[in-house]
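Work through the exercises below with the coordinates open. Each task is followed by a stepwise solution.

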Amino acid sequence: MENEPFLSLQLKPQLRPTVEDDHHGTPSEIQDNSQIQTPSKKHGSLHRCKTAPAMAVMRDRKPKTPQLPKPKSESSTIIRQAFFLLSLYLLLGVAIYSFNRDEFSGIETHPVVDALYFCIVTMCTIGYGDITPLTPATKIFACVFVLVGFGFIDILLSGVVSYVLELQENMILTGIHIKKSQQGFSARNYIVDVDKGRMRIRLKVGLALGVVVLCVGIGTLMLYFLENLDWIDSVYLSVMSVTTVGYGDRAFKTLPGRLFAGVWLLISTLAVARAFLYLAEARVDKRHRRIAKWVLHRDITIQDLLAADINNDGFISKSEYVIYKLKEMGKIGEKDILQICDQFSKLDTNNSGKLTLPQLLENRL
C-alpha cells in the first residue's frame, strides 16, 4: 500500500496547529505549538483533494494484457497491391500469349498490343470473340485467366475506385468546412451533407449517371475516329463494351483502337459497375430512411413495452428504450447486444451491474 503514490498521500499524518487557551500547558509547549504553521496557499489556485487518486499515475499504469491496436485504414495498401498485382497479372498474360500466338485465332496487329488487348478483354469479362484460344492448353489458360481476373477486378480494382471516390469526397468536405464561416448559403451545401460528413445520395446517383454517359461518350467518339464506324455502331459497341456484354459482332480491329481499348475498357467497366452500385445503394438508403422515420414517429404499444423491458421490472428505462428503437431500425442486432453485455460482464468482476474506478484500476494492475 505504501508503494502506491496515490495511496501514500492518504497515509501521511496531518499536522494541525493547536493553541491551548487554558493554563494547563507549559510555556515551552505553547511556544512549540505556536511555531507549527499550516502551509501557505496561493490565492486563486485550485488544489486536488488529498483522498483523490493521482490521475497522472493512473494514466501511467500499464494493463495486464496489451491493448488490441485500433484497425488502420487499408486504403494506401490497397493502391499498392492493386498496381503490383495488376502489373504482374498482365505481364504473365502477355508473356503466355506472345509465346503461343499461333494457338490463338483472330486479326493480328502487334504481338504485344494484341496480347495486352486479349488480357484486358478477358479480365473485364467482355468476350468479344475476335481473339479466341484454339488448343486445349490455351483454353485451360483462358479459363484460369478469366477466373483469376474476375476475382481480381472485383476485390482490388473496385477497392481502388472506392478509395479515389472517398478521397475526392473528403477533399470536398474539407474545403466546405474551411469556407463555411466565410460565406452563407452555397450550392455546395446542397451537394454535400456536412452534418453527416458525406455527399448527398441524390448527388451520388447523379454522378453515377454522369459517369456512365461520359464513358459511353468517350468510347463513341474514339470508335468513330479510330475504328471508322458510323455513329450508330460506335454507340452500340461502346455500350456493349462498358456493360461487359460483348456480343462479338463488333470489336476493336485496328492498332490504335486496341491501344485505346486497353486503357478505356479497364477504367470504364469499373466506373460503370460502381455507378450502378450507387443506384442500388440509393434505393437501399431510401428504404432505410423510410423505416427509421416510421419507427421514430409511431406510438409505443403494450407489446413494445413488454419487448423493450429487458430487466422484466414492469417499466422501461431510457437506455432500454434506445436499445429497442435501434433494434427496430436495424442499426444493431441481438448478437451485437449479447457481445457487448458479455464484455461488460468481464469488466464487472463483482457483478454489481456498474463499473467503478477501483474496478478499472484493479483490472489494469
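**Exercise 1: a serine and its surroundings**

Task: find which residues Ser238 touches, leaving out residues up to four places away in sequence.

Solution. Ser238 touches Cys215, Val216, Gly219, Thr220, Leu223 and Trp264; contact means heavy atoms within 4.5 Å. The model is predicted: local features need pLDDT of at least 70, side-chain atom pairs count only at pLDDT 80 or more, and totals for chains, interfaces and linings use all residues. Numbering starts from 1 along each chain as its sequence is written, and side-chain values use heavy atoms, with hydrogens and water left out.

Ser238 sits in helix H9, residues 231–242. Helices are DSSP runs (H or I, at least four residues), numbered from the N terminus. Ser238 has a relative accessible area of 0%, so it is buried (under 20% relative accessible area, 1.4 Å probe, protein chains only).

**Exercise 2: the largest nonpolar core**

Solution. Start with the set: buried Ala, Val, Leu, Ile, Met, Phe, Trp, Tyr and Cys residues joined through side-chain atoms within 4.5 Å. The largest such core has 41 residues; Leu265 and Leu266 are among those that touch the most other members. Elements giving two or more residues include H9 and helix H10 (255–297).

Now inspect Leu265. Beyond its neighbours within four places in sequence, its contacts are Ile120, Val121, Cys124, Ile126, Tyr128 and Ser241.

**Exercise 3: one span**

Task: how much of residues 259–280 is helix?

Solution. The span is 100% helix and 0% strand. Its end C-alpha atoms lie 33 Å apart.

Technical notes. Buried means under 20% relative accessible area, exposed over 50%, partly exposed in between (1.4 Å probe, protein chains only).
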